[in-house]
2 protein chains.
Amino acid sequence: MPRAGLTPAIVADAGAALADEVGFAQLSMGLVAERLGVKTPSLYKHVTSQADLVHRIAVQAANELADSIRDATQGRAGSEAFTAGAQAMRRYVKDHPGRYAAGNAASPAGPDDPLTAALGRVLASWAAMLHGYQIDPGQEIHALRMLRTMLHGFATLEVDNGFRIDADVEDSFTWMIDFVDRGLRSLDR
Amino acid sequence: MPRAGLTPAIVADAGAALADEVGFAQLSMGLVAERLGVKTPSLYKHVTSQADLVHRIAVQAANELADSIRDATQGRAGSEAFTAGAQAMRRYVKDHPGRYAAGNAASPAGPDDPLTAALGRVLASWAAMLHGYQIDPGQEIHALRMLRTMLHGFATLEVDNGFRIDADVEDSFTWMIDFVDRGLRSLDR
DNA sequence: GCTTGAGGCTATCGAGATTAGCCAATCCGC
DNA sequence: GCGGATTGGCTAATCTCGATAGCCTCAAGC
């Protein structure tokens with residue numbers, strides 16, 4: 001029996017791809033094994049458990065998301081950076097719903113956990129979206145949480161098919177981003 | 001062996017209580033059975049499947065949530081109704097995280113599904129929170145979706161322990177509600 | 001008190017995660 | 001190249017949990 005040449009990273013990649021394809025809830029060790037042309041128990045030579053696999057997918061997702069937002073806001077500032085970053089986040093979640101769900105299912109285990117660093121990068125990319133608004137330092141944390149709340153809330157609702165009315169969801173998103181942008185701009189004085 | 005005198009409603013109640021206690025993800029048929037002093041297979045005389053149980057919990061949760069918001073906004077209007085409704089929703093989710101999670105896990109099966117009606121009540125109670133703002137009809141759906149996005153996003157993040165920085169989450173919530181209130185008030189013209 | 005159906009139970013199945021233990025493939029120093 | 005050590009596959013088996021089958025009794029109505 002020839003070896004498949006797996007590594008933890010390869011297993012995580014396959015898991016991430018499958019999560020996007022079949023949905024995070026349907027992800028199973030058996031499915032990942034099948035995708036890799038291997039029997040289920042073999043995966044445990046590279047990954048300690050399903051939770052470990054999910055955790056690795058989460059790290060990957062957080063880094064990819066942070067990269068997406070960084071690329072989108074590159075060279076932009078203020079409202080432009082804000083809208084571009086928001087659209088990038090939404091696009092990422094729509095393109096990779098399973099990965100994003102994995103990211104929400106995992107929690108960082110401590111300061112040395114790579115997930116901690118990856119989530120920190122995402123948080124920093126959101127903070128960067130707010131830089132142009134000259135927000136009073138005392139309100140910065142609130143604005144950041146609001147931003148996170150909206151982006152996360154919209155993403156999860158859209159992915160779960162939560163918007164049932166047939167009005168264009170795209171319009172609603174841009175309307176919401178515009179609403180927040182105006183509010184943030186009228187914050188300084 | 002004396003009969004336990006179960007009904008679908010009693011099973012759903014036990015499931016809802018357990019979901020809040022141990023977390024929705026930990027909810028199992030065995031746990032519900034144990035709580036009711038019965039063996040697992042007996043539950044299937046009252047509930048067709050675990051999905052059915054979750055669905056019933058979801059209906060209950062949606063109705064309770066709609067009631068909470070209705071009670072909180074009773075006799076109030078405009079900003080006051082808005083903030084009271086938002087606080088009521090947050091309170092409900094904090095008090096009943098498992099039920100709320102069940103509500104998000106289930107989807108209505110059709111127009112006759114009681115869940116459809118219950119979710120409609122929730123939607124209506126959110127819409128009522130916006131009544132005082134004289135929103136342009138063309139923007140109403142967007143404002144409603146934004147409201148839902150924020151309330152849902154905040155609730156899920158808070159329940160999942162998503163806010164790690166130690167600033168007061170309560171403050172962030174009222175700040176966000178205030179932010180939206182001001183934005184909505186400056187919408188009309 | 002008899003019948004009958006609902007509601008409880010035991011036994012069992014099947015899926016899916018995980019572990020144990022075997023054995024071949026690769027790698028490393030010689 | 002060669003031989004051992006290690007790595008990475010495999011089969012077999014365990015455990016948990018949802019779900020089904022089929023039995024058997026309780027209790028309501030005649």
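# Reading helices, contacts and DNA surfaces in a predicted model

Author: Seven of the nine residues of helix H5 (residues 97–105) of chain A are buried, so H5(A) is largely enclosed by the rest of the structure. The model is a predicted one.

Reader: Which residues of H5(A) are buried?

Author: A residue counts as buried if 20 or more other C-beta atoms lie within 10 Å of its own. In H5(A) this holds for A:Pro97, A:Gly98, A:Arg99, A:Tyr100, A:Ala101, A:Ala102 and A:Gly103.

Reader: What covers the buried residues of H5(A)?

Author: The cover includes helix H1 (8–22), H3, helix H4 (78–95) and helix H7 (137–159), which belong to chain A.

Reader: How many helices and strands does chain A have?

Author: Chain A has eight helices and zero strands. Along the sequence the pattern reads α-α-α-α-α-α-α-α. The C-alpha trace of chain A spans about 70 × 40 × 25 Å along its principal axes. Of its 189 residues, 42% count as buried.

Reader: What share of the contacts in chain A comes from residues 24 or more positions apart?

Author: Among contacts in chain A with a separation of 6 or more, residues 24 or more positions apart account for 68%.

Reader: Let us turn to a helix of chain B. How is the length of helix H1 read?

Author: One sets the reach from the first C-alpha to the last against the span expected at 1.5 Å a residue. Helix H1 (residues 8–22) of chain B has 15 residues and reaches 21 Å, close to the expected 21 Å. After H1(B) comes B:Gly23, with a positive phi near 95°.

Reader: Which residues of H1(B) are buried, and what covers them?

Author: The buried residues in H1(B) are B:Val11, B:Ala12, B:Ala14, B:Gly15, B:Ala16, B:Leu18, B:Ala19 and B:Asp20. Their cover includes helix H2 (29–35), helix H3 (50–73) and helix H5 (97–105) of chain B.

Reader: At what angle do the axes of H1(B) and H3(B) cross?

Author: Angles of 65 to 115 degrees count as roughly perpendicular. The axes of H1(B) and H3(B) cross at roughly 80° and come within 9 Å. H1(B) and H3(B) are therefore roughly perpendicular to each other.

Reader: Which residues meet where H1(B) touches H3(B)?

Author: From H1(B) come B:Pro8, B:Val11, B:Ala12, B:Gly15, B:Ala16 and B:Ala19; they meet B:Leu53, B:Arg56, B:Ile57, B:Gln60 and B:Ala61 in H3(B). By class, this contact has eight nonpolar, two polar and one charged residues.

Reader: How many residues of chain B are in contact with chain A?

Author: On the side of chain B there are 22 residues, in contact with 22 residues of chain A. In chain B, helix H7 (137–159) and helix H8 (169–185) are the elements that give two or more residues to this side. H7(B) gives the largest share, 12 residues. The side of chain B that touches chain A has 11 nonpolar, eight polar and three charged residues.

Reader: Which residues come nearest to DNA strand C?

Author: There are 22 residues around DNA strand C, and A:Ser28, A:Pro41, A:Gln50, B:Lys39 and B:Pro41 come nearest. The elements that give two or more residues to this surface are helix H2 (29–35) and helix H3 (50–73) of chain A. By class, the surface has 11 nonpolar, seven polar and four charged residues.

Reader: Which residues come nearest to DNA strand D?

Author: Of the 22 residues around DNA strand D, the nearest are A:Lys39, A:Pro41, B:Ser28, B:Pro41 and B:Gln50. Here H2 and H3 of chain B each supply at least two residues of the surface. The surface near DNA strand D has 11 nonpolar, seven polar and four charged residues.

Reader: What is the phi of A:Gln134, and where is this residue found?

Author: Most residues other than glycine have a negative phi. A:Gln134 is not a glycine, yet its phi is positive, about 50°. A:Gln134 is found in the loop between helix H6 (114–130) and H7 of chain A. It counts as exposed, with 11 C-beta neighbours inside 10 Å.

Reader: What is the phi of B:Gln134?

Author: The phi of B:Gln134 is also positive, near 50°. B:Gln134 is found in the loop between helix H6 (114–130) and H7 of chain B. With 12 other C-beta atoms within 10 Å, B:Gln134 is exposed.

Note on methods. Residues are numbered from 1 along each chain as its sequence is written. Chains are lettered from A and ligands numbered from 1 in the order in which they are written. This is a predicted model: local features need pLDDT of at least 70, side-chain atom pairs count only at pLDDT 80 or more; totals for chains, interfaces and linings use all residues. Two residues are in contact if their C-beta atoms, placed from the backbone, lie within 7 Å. Helices (H or I, at least four residues) and strands (E, at least two) are DSSP runs, numbered from the N terminus. Ala, Val, Leu, Ile, Met, Phe, Trp, Tyr, Cys and Pro count as nonpolar, Asp, Glu, Lys and Arg as charged, and the others, Gly among them, as polar. The expected span of a helix is 1.5 Å times one less than its number of residues. A residue is near a molecule or strand if its C-beta atom, placed from the backbone, lies within 6 Å of it. Axes are lines fitted to C-alpha atoms, for helices over the stretch in contact, and angles run from 0 to 180 degrees between N-to-C directions. Angles under 35 degrees count as roughly parallel, over 145 as roughly antiparallel, 65 to 115 as roughly perpendicular and the rest as oblique.
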